[in-house]
Amino acid sequence: MLAAVGVSLQKNLEQVRSERWQRRVEPLRATMESNRDSRWIMSTTEAEADTATAASITIGKPAADLHSLWLRPDTQSRIWAHFAEVTSSGDRTAEWVAHGPAGGEYRWRTEAVDTGPEMVRWRSQDGADVPNVGTLRFRPAPGDRGTELHLDVRFDPPGGVVGKAVAKLFHIAPREIVRTALYRFRALALTGEIPTTDPQPAARSGGADR
């Protein structure tokens, strides 16, 4: 009888100790889970930043003029010169040759698939070394300040070479490819020339960018 009581008391004591331990450990576990979530969120954000290829700029010109300038065959070879050699043809297609480190060379042909008044969209054709799609949208700038241009270029949409891998492939980050193209286009639209040194975001008049 006494032995049974002793066993029962021992079990109750162990249960109390277990409950106390759980109360002490639970806040620590919650903190660890929170930190783990934070690390995951941070790494996701960093990954999104690595693959970000969208940029925008404001140019003090009408959208129709900018649209026409963008589609001129010689414009593409000039604004993308920091990234690739572009040879445009009259049928809305262009040959691209990008050079990577150690003599690497990557080729593809793009085709303009939508050239409405408010948007230009292009995509690479089959067989591209680096498949990609691009979209340029024209929107009225607030305060009658001209036109906002929103450029988004996505490399290898199925999920192959993106982000840091693209940066290593071409020795330039995807976002910088897009931003520099817009800076060069703005200079061309405003002055008719592209400076040998690409302008800094706040170093030019006639527009803003982000």
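A residue is called buried when its relative accessible area is under 20%, exposed when that area is over 50%, and partly exposed in between, as computed with a 1.4 Å probe on protein chains only. By this rule, buried residues make up 33% of the 210 residues in the chain. The model is predicted, so that local features need a pLDDT of at least 70 and side-chain atom pairs count only at pLDDT 80 or more, whereas totals for chains, interfaces and linings use all residues. Residues are numbered from 1 along each chain as its sequence is written, and side-chain values use heavy atoms, with hydrogens and water left out.

View 1. The chain has 5 helices and 7 strands, where helices (H or I, at least four residues) and strands (E, at least two) are DSSP runs numbered from the N terminus. Read from the N terminus on, the elements follow the order α-β-α-α-β-β-β-β-β-β-α-α. An open sheet is formed by 7 strands in the order S1-S7-S6-S5-S4-S3-S2, with antiparallel pairing; two strands are taken to pair if DSSP finds at least two bridges between them. The edge strands are S1 (54-59) and S2, each of which pairs on one side only. Neighbouring strands of this sheet are turned by 20° against each other on average, direction ignored, the axes being lines fitted to C-alpha atoms (for helices over the stretch in contact) and angles running from 0 to 180 degrees between N-to-C directions.

**View 2. Strand S1 beside strand S7.** Strand S1 and strand S7 (residues 147-155) run antiparallel and are joined by 6 bridges; in one of these contacts, Thr58 has Glu148 of S7 as its bridge partner. Because 5 of the 6 residues of S1 are buried, this strand is largely enclosed by the rest of the structure. Leu151 lies in S7 and is buried, with a relative accessible area of 0%. Although Leu151 and Ser56 are 95 residues apart along the chain, their C-alpha atoms are separated by 6.0 Å.

View 3. Strand S4 (residues 105-114) pairs with strand S5 (residues 119-124) in the antiparallel sense over 4 bridges, and a hairpin of 4 residues joins S4 to S5. Across this pair, Ala112 stands opposite Trp122 in S5. On pairing with strand S6 (residues 132-140), S5 is again antiparallel, here over 5 bridges. Arg121 stands opposite Thr135 in S6, while the bridge partner of Arg123 in S6 is Val133. Phe138 is also found in S6 and counts as buried at 4% relative accessibility; its C-alpha atom is separated by 6.1 Å from that of Met119, which is 19 residues apart from Phe138 along the chain.

**View 4. The largest pocket.** The search uses a 1 Å grid over the protein atoms alone, on which a cavity is a set of points where a 1.4 Å probe fits but cannot get out, a pocket is an open set with protein on both sides within 12 Å along at least five of seven lines, and lining residues have an atom within 4 Å of a point. The largest pocket has a volume of about 270 Å³, a volume being the space filled by probe spheres set on grid points that are joined across faces, edges and corners. Its lining consists of 18 residues, of which Leu71, Gln76, Ser88, Arg92 and Ala112 lie nearest the centre of the pocket. Helix H2 (63-71), helix H3 (73-79), strand S2 (84-88), strand S3 (93-99), S4 and S5 are the elements that give two or more residues to this lining. By class, the lining of the largest pocket has 9 nonpolar, 6 polar and 3 charged residues, with Ala, Val, Leu, Ile, Met, Phe, Trp, Tyr, Cys and Pro counted as nonpolar, Asp, Glu, Lys and Arg as charged, and the others, Gly among them, as polar.

**View 5. The cavity.** The structure holds 1 cavity of 30 Å³ or more, and the volume of the largest cavity is about 50 Å³. Lining the largest cavity are Trp80, Phe83, Trp96, Trp108, Trp122, Asn132, Val153 and Phe155, a set with 7 nonpolar, 1 polar and no charged residues.

View 6. Helix H5 (residues 174-191) has 18 residues and reaches 26 Å from its first C-alpha to its last, close to the 26 Å expected at 1.5 Å a residue, where the expected span is 1.5 Å times one less than the number of residues. H5 is mostly covered, with 14 of its 18 residues buried. Just after H5, Gly192 takes a positive phi of about 80°.
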